[in-house]
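The structure is shown first.

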Amino acid sequence: MSFSYKEIYNEDGKKVLEVNILPEKYCNFDCIFCPIGRSYNKVDIQRPFDEIDNSLKELENMIENHKVELVYINSKGEALINSKISTIIELIKSKGVSVRLLSNGYLLGRDEYIQIANKCDEVIGEIKAIKEEDFQKIQRPIEGYTLKEYISNMTSFNKQYKGKFILEVTIIKGYNDTEESIDKIKSIISELSPDNIIVERMNDEKFKKKLGISDKRFKEISKVLQNT
Ligand code: SF4
(Lines give C-alpha, C1' and ligand atoms only; values in the text may rest on other atoms or scores of the structure.)
Protein backbone atom coordinates (compact mmCIF):
# COMPACT_ATOMS: atom_id res chain seq x y z
CA MET A 1 0.00 0.00 0.00
CA SER A 2 1.03 3.59 -0.10
CA PHE A 3 -0.16 6.25 2.28
CA SER A 4 -2.29 9.07 0.96
CA TYR A 5 -1.93 12.71 1.85
CA LYS A 6 -3.91 15.91 1.94
CA GLU A 7 -2.46 19.16 0.70
CA ILE A 8 -0.18 20.65 3.38
CA TYR A 9 -1.84 23.49 5.28
CA ASN A 10 -1.12 25.99 8.02
CA GLU A 11 -2.68 25.78 11.44
CA ASP A 12 -1.75 28.37 14.07
CA GLY A 13 1.41 29.08 12.11
CA LYS A 14 2.39 25.40 11.94
CA LYS A 15 2.78 23.39 8.74
CA VAL A 16 0.48 20.39 8.98
CA LEU A 17 0.63 17.21 6.90
CA GLU A 18 -2.44 14.98 7.04
CA VAL A 19 -1.81 11.34 6.26
CA ASN A 20 -4.03 8.31 5.78
CA ILE A 21 -2.23 5.08 6.68
CA LEU A 22 -4.89 2.56 5.62
CA PRO A 23 -5.32 1.23 2.05
CA GLU A 24 -9.09 1.03 2.37
CA LYS A 25 -11.63 1.41 5.14
CA TYR A 26 -10.92 -0.56 8.30
CA CYS A 27 -12.95 0.42 11.32
CA ASN A 28 -14.40 -1.15 14.44
CA PHE A 29 -17.62 0.83 13.84
CA ASP A 30 -19.87 1.00 10.80
CA CYS A 31 -21.61 4.34 11.29
CA ILE A 32 -24.63 4.91 9.09
CA PHE A 33 -23.30 8.38 8.21
CA CYS A 34 -19.67 7.43 7.64
CA PRO A 35 -18.21 9.69 4.93
CA ILE A 36 -15.91 6.85 3.83
CA GLY A 37 -18.77 4.38 3.24
CA ARG A 38 -19.62 0.98 4.70
CA SER A 39 -17.25 -1.03 6.92
CA TYR A 40 -16.92 -4.31 5.09
CA ASN A 41 -13.94 -5.07 7.32
CA LYS A 42 -15.09 -4.40 10.86
CA VAL A 43 -11.94 -5.03 12.81
CA ASP A 44 -10.25 -4.16 16.10
CA ILE A 45 -7.05 -6.17 15.99
CA GLN A 46 -3.93 -5.05 14.21
CA ARG A 47 -2.99 -6.30 10.77
CA PRO A 48 -0.03 -5.76 8.47
CA PHE A 49 -0.20 -4.03 5.11
CA ASP A 50 2.17 -4.43 2.17
CA GLU A 51 5.04 -2.20 1.15
CA ILE A 52 5.36 -0.39 4.42
CA ASP A 53 9.05 0.40 3.85
CA ASN A 54 8.31 2.44 0.73
CA SER A 55 5.49 4.24 2.51
CA LEU A 56 7.74 5.14 5.42
CA LYS A 57 10.41 6.50 3.06
CA GLU A 58 7.79 8.56 1.25
CA LEU A 59 6.50 9.97 4.55
CA GLU A 60 10.01 10.84 5.65
CA ASN A 61 10.63 12.67 2.36
CA MET A 62 7.36 14.59 2.67
CA ILE A 63 8.30 15.74 6.19
CA GLU A 64 11.79 16.81 5.14
CA ASN A 65 10.96 18.40 1.80
CA HIS A 66 8.04 20.43 3.12
CA LYS A 67 9.47 21.23 6.56
CA VAL A 68 6.36 19.81 8.18
CA GLU A 69 5.87 20.63 11.89
CA LEU A 70 2.89 18.43 12.73
CA VAL A 71 1.72 15.18 11.18
CA TYR A 72 -1.96 14.46 11.60
CA ILE A 73 -2.78 10.76 11.25
CA ASN A 74 -6.34 10.89 9.94
CA SER A 75 -7.10 7.61 8.23
CA LYS A 76 -9.83 5.74 6.41
CA GLY A 77 -11.19 4.35 9.65
CA GLU A 78 -9.27 3.34 12.77
CA ALA A 79 -5.55 4.02 12.22
CA LEU A 80 -4.59 2.00 15.33
CA ILE A 81 -5.25 -1.24 13.48
CA ASN A 82 -2.26 -0.72 11.16
CA SER A 83 0.33 -3.01 12.80
CA LYS A 84 3.08 -0.57 11.86
CA ILE A 85 1.52 2.46 13.51
CA SER A 86 4.14 2.55 16.27
CA THR A 87 6.95 2.60 13.70
CA ILE A 88 5.15 5.37 11.82
CA ILE A 89 4.78 7.50 14.96
CA GLU A 90 8.39 6.86 15.97
CA LEU A 91 9.63 7.88 12.54
CA ILE A 92 7.73 11.18 12.73
CA LYS A 93 8.94 11.85 16.27
CA SER A 94 12.55 11.08 15.28
CA LYS A 95 12.32 14.04 12.88
CA GLY A 96 11.40 16.33 15.78
CA VAL A 97 7.85 16.63 14.43
CA SER A 98 4.67 16.44 16.55
CA VAL A 99 2.00 13.81 15.97
CA ARG A 100 -1.78 14.13 16.21
CA LEU A 101 -3.78 10.92 16.04
CA LEU A 102 -7.46 10.65 15.19
CA SER A 103 -9.23 7.63 16.65
CA ASN A 104 -12.91 7.10 17.33
CA GLY A 105 -11.57 6.38 20.84
CA TYR A 106 -13.00 2.96 21.58
CA LEU A 107 -9.66 1.17 21.46
CA LEU A 108 -8.05 3.62 23.88
CA GLY A 109 -9.12 1.28 26.67
CA ARG A 110 -6.78 -1.53 25.61
CA ASP A 111 -3.22 -1.69 26.86
CA GLU A 112 -1.51 -2.21 23.53
CA TYR A 113 -3.31 0.78 22.02
CA ILE A 114 -2.82 2.98 25.09
CA GLN A 115 0.95 2.51 24.73
CA ILE A 116 0.77 3.58 21.09
CA ALA A 117 -1.48 6.60 21.67
CA ASN A 118 0.75 7.71 24.55
CA LYS A 119 3.56 8.30 22.04
CA CYS A 120 1.46 10.99 20.31
CA ASP A 121 1.45 14.66 21.28
CA GLU A 122 -2.28 14.96 20.62
CA VAL A 123 -5.05 12.38 20.48
CA ILE A 124 -8.56 13.04 19.22
CA GLY A 125 -11.42 10.88 20.49
CA GLU A 126 -15.05 11.16 19.41
CA ILE A 127 -18.57 11.17 20.78
CA LYS A 128 -21.65 10.90 18.57
CA ALA A 129 -24.53 8.78 19.90
CA ILE A 130 -25.20 9.30 23.60
CA LYS A 131 -27.74 6.55 24.25
CA GLU A 132 -26.82 2.89 24.26
CA GLU A 133 -29.50 1.91 21.74
CA ASP A 134 -28.54 4.75 19.42
CA PHE A 135 -24.88 3.76 19.62
CA GLN A 136 -25.81 0.28 18.42
CA LYS A 137 -28.25 1.55 15.82
CA ILE A 138 -26.34 4.37 14.17
CA GLN A 139 -22.71 3.54 14.89
CA ARG A 140 -23.07 -0.24 14.47
CA PRO A 141 -19.91 -1.23 16.37
CA ILE A 142 -18.36 -4.70 16.64
CA GLU A 143 -20.64 -7.01 18.59
CA GLY A 144 -20.25 -6.71 22.34
CA TYR A 145 -19.16 -3.07 22.33
CA THR A 146 -21.17 -0.74 24.58
CA LEU A 147 -21.43 3.02 24.85
CA LYS A 148 -20.67 2.73 28.55
CA GLU A 149 -17.40 0.99 27.82
CA TYR A 150 -16.64 3.46 25.01
CA ILE A 151 -16.80 6.41 27.38
CA SER A 152 -14.96 4.64 30.17
CA ASN A 153 -12.19 3.62 27.72
CA MET A 154 -11.56 7.25 26.79
CA THR A 155 -11.87 8.40 30.40
CA SER A 156 -9.29 5.94 31.68
CA PHE A 157 -7.00 6.73 28.75
CA ASN A 158 -7.08 10.45 29.43
CA LYS A 159 -6.47 9.98 33.16
CA GLN A 160 -3.00 8.63 32.43
CA TYR A 161 -2.29 10.55 29.17
CA LYS A 162 0.28 13.35 29.31
CA GLY A 163 -0.45 14.85 25.90
CA LYS A 164 -3.35 16.93 24.66
CA PHE A 165 -6.63 15.03 24.53
CA ILE A 166 -9.15 16.56 22.15
CA LEU A 167 -12.78 15.49 22.13
CA GLU A 168 -14.79 15.83 18.95
CA VAL A 169 -18.53 15.91 19.59
CA THR A 170 -20.82 15.56 16.59
CA ILE A 171 -24.37 16.85 16.92
CA ILE A 172 -26.88 14.77 15.00
CA LYS A 173 -30.47 15.81 14.44
CA GLY A 174 -32.89 13.58 16.32
CA TYR A 175 -30.16 11.82 18.28
CA ASN A 176 -28.34 14.29 20.50
CA ASP A 177 -29.64 17.79 19.79
CA THR A 178 -32.27 18.30 22.52
CA GLU A 179 -31.65 20.20 25.75
CA GLU A 180 -31.67 16.94 27.66
CA SER A 181 -29.08 15.48 25.30
CA ILE A 182 -26.87 18.54 25.62
CA ASP A 183 -26.93 18.12 29.40
CA LYS A 184 -25.90 14.50 28.97
CA ILE A 185 -23.07 15.53 26.61
CA LYS A 186 -21.95 18.07 29.21
CA SER A 187 -21.72 15.38 31.84
CA ILE A 188 -19.77 13.12 29.45
CA ILE A 189 -17.39 16.01 28.79
CA SER A 190 -16.88 16.52 32.53
CA GLU A 191 -16.12 12.85 32.93
CA LEU A 192 -13.65 12.81 30.04
CA SER A 193 -12.12 16.17 30.91
CA PRO A 194 -10.56 16.84 27.49
CA ASP A 195 -8.06 19.66 26.92
CA ASN A 196 -10.05 20.84 23.94
CA ILE A 197 -13.51 20.31 22.48
CA ILE A 198 -14.41 20.42 18.81
CA VAL A 199 -18.12 20.61 18.08
CA GLU A 200 -19.19 19.29 14.68
CA ARG A 201 -22.42 18.51 12.86
CA MET A 202 -23.33 16.47 9.81
CA ASN A 203 -21.76 18.32 6.92
CA ASP A 204 -21.75 15.58 4.32
CA GLU A 205 -24.26 16.41 1.56
CA LYS A 206 -25.65 12.86 1.67
CA PHE A 207 -26.67 13.09 5.34
CA LYS A 208 -27.12 16.80 5.93
CA LYS A 209 -30.83 16.88 5.14
CA LYS A 210 -31.81 14.08 7.47
CA LEU A 211 -29.23 14.43 10.24
CA GLY A 212 -28.01 18.03 10.00
CA ILE A 213 -29.03 20.76 12.45
CA SER A 214 -29.64 24.45 11.64
CA ASP A 215 -26.90 27.08 11.82
CA LYS A 216 -28.68 28.72 14.75
CA ARG A 217 -28.97 25.54 16.79
CA PHE A 218 -25.40 24.64 15.96
CA LYS A 219 -24.16 27.99 17.26
CA GLU A 220 -26.19 27.67 20.47
CA ILE A 221 -24.99 24.15 21.18
CA SER A 222 -21.37 24.96 20.32
CA LYS A 223 -21.39 27.86 22.73
CA VAL A 224 -22.79 25.78 25.57
CA LEU A 225 -20.42 22.88 25.01
CA GLN A 226 -17.33 25.01 24.52
CA ASN A 227 -18.01 26.51 27.95
CA THR A 228 -18.34 23.18 29.70
S1 SF4 B 1 -15.98 5.72 13.46
FE2 SF4 B 1 -15.56 7.17 11.82
S3 SF4 B 1 -14.47 5.98 10.25
FE4 SF4 B 1 -15.45 4.51 11.65
S5 SF4 B 1 -17.43 4.04 10.69
FE6 SF4 B 1 -17.78 5.72 12.14
S7 SF4 B 1 -17.59 7.60 10.92
FE8 SF4 B 1 -16.65 5.92 9.74
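## Ligand shell

By class, the residues around the ligand are 5 nonpolar, 2 polar and 2 charged (Ala, Val, Leu, Ile, Met, Phe, Trp, Tyr, Cys and Pro count as nonpolar, Asp, Glu, Lys and Arg as charged, and the others, Gly among them, as polar). The shell consists of Lys25, Cys27, Phe29, Asp30, Cys31, Cys34, Ile36, Gly77 and Asn104, where a residue is near the ligand if one of its heavy atoms lies within 4 Å of it.

The model is predicted: local features need pLDDT of at least 70, and side-chain atom pairs count only at pLDDT 80 or more, while totals for chains, interfaces and linings use all residues. Residues are numbered from 1 along each chain as its sequence is written, and side-chain values use heavy atoms, with hydrogens and water left out.

## Nonpolar cores

The largest nonpolar core has 74 residues, and Ile73, Ile88, Ile92, Ile171 and Leu225 have the most contacts inside it. Such a core is a set of buried Ala, Val, Leu, Ile, Met, Phe, Trp, Tyr and Cys residues joined through side-chain atoms within 4.5 Å. A second, separate core of 6 residues includes Val16, Leu70, Leu102 and Ile166.

## Cysteines

Cys31 counts as buried because its relative accessibility is 12% (buried means under 20% relative accessible area, exposed over 50%, partly exposed in between, with a 1.4 Å probe and protein chains only). Cys34 is also buried, at 13%. The whole structure has 0 disulfides, a disulfide being a pair of cysteine sulfur atoms within 2.5 Å.
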